[in-house]
Amino acid sequence: MTRRITSLALLLFLGSLNGQSDSTAHPIYDRPFVFTSGANAAVGGYFEANSNYFVEEGITEGFSLEARRFNIFLYSPVADNIRFFSELEFEHGTEEIALETAILDMTFSPALSFRMGILLPPLGRFNVEHDSPKYNIIDRPLVSTLIIPATLSEMGLGLFGQRYLNRSNRVGYEIYLVNGLGEGILSNESAGTRIAGGKSAEILEEDNNGTPSVTGRLKIENKLFGEVGLSFYRGPYNSFQAEGMKVDEIRSLGITAIDHGLKRGRFHWRSEFAAATVDIPDGLKEVAGSVQRGAYTELNFDYFRGSLFNFDNSRLIATLRLETVDLNVGSFESTGTNIGDEISRITLATSFRPVENSVIKIAYQYNWHRDFTDNPVRTAGIQLGIAAYF
């Protein structure tokens with residue numbers, strides 16, 4: 001797949017002289033503040049806060065409020081065809097502070113740009129385009145956080161670009177070498193496979209095994225059918241060598257994802273599917289899942305457009321999201337019974353957008369969870385939240 005994407009990149013470059021240019025070719029630049037300043041730098045960001053009230057098997061911890069995220073963007077067109085972008089994230093108040101993005105892009109043609117820095121691997125659409133003000137549901141999709149460990153930031157370098165084939169069709173690609181996730185995939189508090197556990201501050205400093213991972217995405221856009229993306233992530237995650245000597249077997253992680261998005265009139269439809277395979281040591285098989293799968297689909301419908309509460313272009317939106325993840329696909333060899341570690345969720349929401357870049361959300365969420373031994377646990381809750389770009 002890597003060879004095919006690389007070949008496509010070269011073909012796009014060779015044919016780019018007559019291609020159409022798009023200054024916002026990459027979704028990371030699709031933020032409102034980028035267009036509001038003619039100076040050498042622009043500052044923006046977004047804020048997200050919400051309330052939670054959940055009940056698990058008749059037991060509740062009560063009502064609570066959460067300052068979920070406060071993100072600051074810094075953007076600068078350094079020179080013609082050179083751009084810098086960064087994002088500093090404060091999560092759960094100041095419990096987590098992280099430099100989510102810090103990249104320098106050099107554009108040689110619409111079909112060929114070079115990127116290096118702390119980047120968002122294009123593993124599915126959501127990892128790259130996940131800002132809360134763009135969504136009408138408060139919690140992020142399960143598959144995009146448990147299997148695709150959004151938000152995943154990695155130190156890396158690579159190429160991206162796109163080209164219009166005609167007025168109705170456009171293709172694009174991204175391909176990067178990154179340090180890769182670490183051993184926290186298995187060495188975590190859950191005692192199971194948790195791909196998000198492989199994230200750490202160290203992956204921004206060095207590769208734990210000296211062998212980079214490869215990630216990429218190929219997208220096809222059509223005005224009638226929307227955008228479809230095919231993406232992958234491959235590489236070793238364990239520290240299999242030290243000072244040039246082999247100390248362990250190479251254990252690899254592979255993730256494949258398919259995403260789709262379509263806007264048509266008052267409807268906006270999003271979907272994402274991902275599957276992961278993880279090399280597991282013999283002594284941990286069944287306890288830690290070697291195969292994981294998940295998906296979500298979300299339908300948004302604008303049931304009101306017009307003037308409301310002195311906002312001339314406001315919208316009321318109804319949203320339905322269906323999702324499921326299985327973090328340990330398979331059955332126990334000794335009993336033939338299903339290995340649990342599964343979650344299914346349905347979310348119903350309504351939201352009010354007084355302007356496009358601000359939203360008030362109300363969501364009802366119901367979860368069916370099965371633990372490692374396949375015992376059922378049910379959780380339900382109501383959330384109220386806000387999110388806005390600034």
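Me: Which residue forms a salt bridge with arginine 217, and how far apart are the closest N and O atoms?

Reply: Happy to start there. A salt bridge is called when a side-chain nitrogen of Lys or Arg comes within 4 Å of a carboxyl oxygen of Asp or Glu. In this predicted model, the partner of arginine 217 is glutamate 227, and their closest N and O atoms are 2.7 Å apart. Arginine 217 sits in strand E8 (residues 213-222) and glutamate 227 in strand E9 (residues 226-236), so the pair ties together parts that are 10 residues apart in sequence.

Me: Is this pair buried or exposed?

Reply: Buried means under 20% relative accessible area. Arginine 217 has 6% and is therefore buried; glutamate 227, with 12%, is buried too.

Me: Which residues join arginine 217 and glutamate 227 in one network?

Reply: Look for salt bridges that share partners. Here they link Arg217 and Glu227 with Arg125, Glu129, Lys134 and Asp259. Across the whole structure, a search finds 25 salt bridges.

Me: What does arginine 115 pair with?

Reply: Its salt-bridge partner is aspartate 105, with 2.7 Å between the closest N and O atoms. The pair links distant parts of the chain, 10 residues apart: arginine 115 belongs to strand E5 (residues 112-119) and aspartate 105 to strand E4 (residues 96-109). Arginine 115 has 2% relative accessibility and counts as buried, and aspartate 105, at 1%, counts as buried as well.

Me: How do I read the pair of arginine 305 and aspartate 302?

Reply: Check each partner separately. The closest N and O atoms of this salt bridge are 3.1 Å apart. Aspartate 302 is buried at 4% relative accessibility, whereas arginine 305 is partly exposed at 42%.

Me: Let's zoom out. How many helices and strands does the protein have?

Reply: There are 2 helices and 18 strands. Buried residues make up 47% of the 390. Of the contacts with a separation of 6 or more, 61% are between residues 24 or more positions apart.

Me: And what does leucine 262 touch?

Reply: Leucine 262 lies in strand E12 (residues 252-264). Leaving out residues up to four places away in sequence, its contacts are Leu224, Phe225, Gly226, Phe267, His268 and Trp269.

Me: What about the charges: how many are positive and how many negative?

Reply: The protein has 35 positive and 47 negative charges, and their mean positions lie 10 Å apart.

Notes
Residues are numbered from 1 along each chain as its sequence is written. This is a predicted model: local features need pLDDT of at least 70, side-chain atom pairs count only at pLDDT 80 or more; totals for chains, interfaces and linings use all residues. Side-chain values use heavy atoms; hydrogens and water are left out. Helices (H or I, at least four residues) and strands (E, at least two) are DSSP runs, numbered from the N terminus. Contact means heavy atoms within 4.5 Å. Buried means under 20% relative accessible area, exposed over 50%, partly exposed in between (1.4 Å probe, protein chains only). Lys and Arg count as positive and Asp and Glu as negative; His and the chain ends are not counted. The place of a charge is taken as NZ of Lys, CZ of Arg, CG of Asp or CD of Glu.
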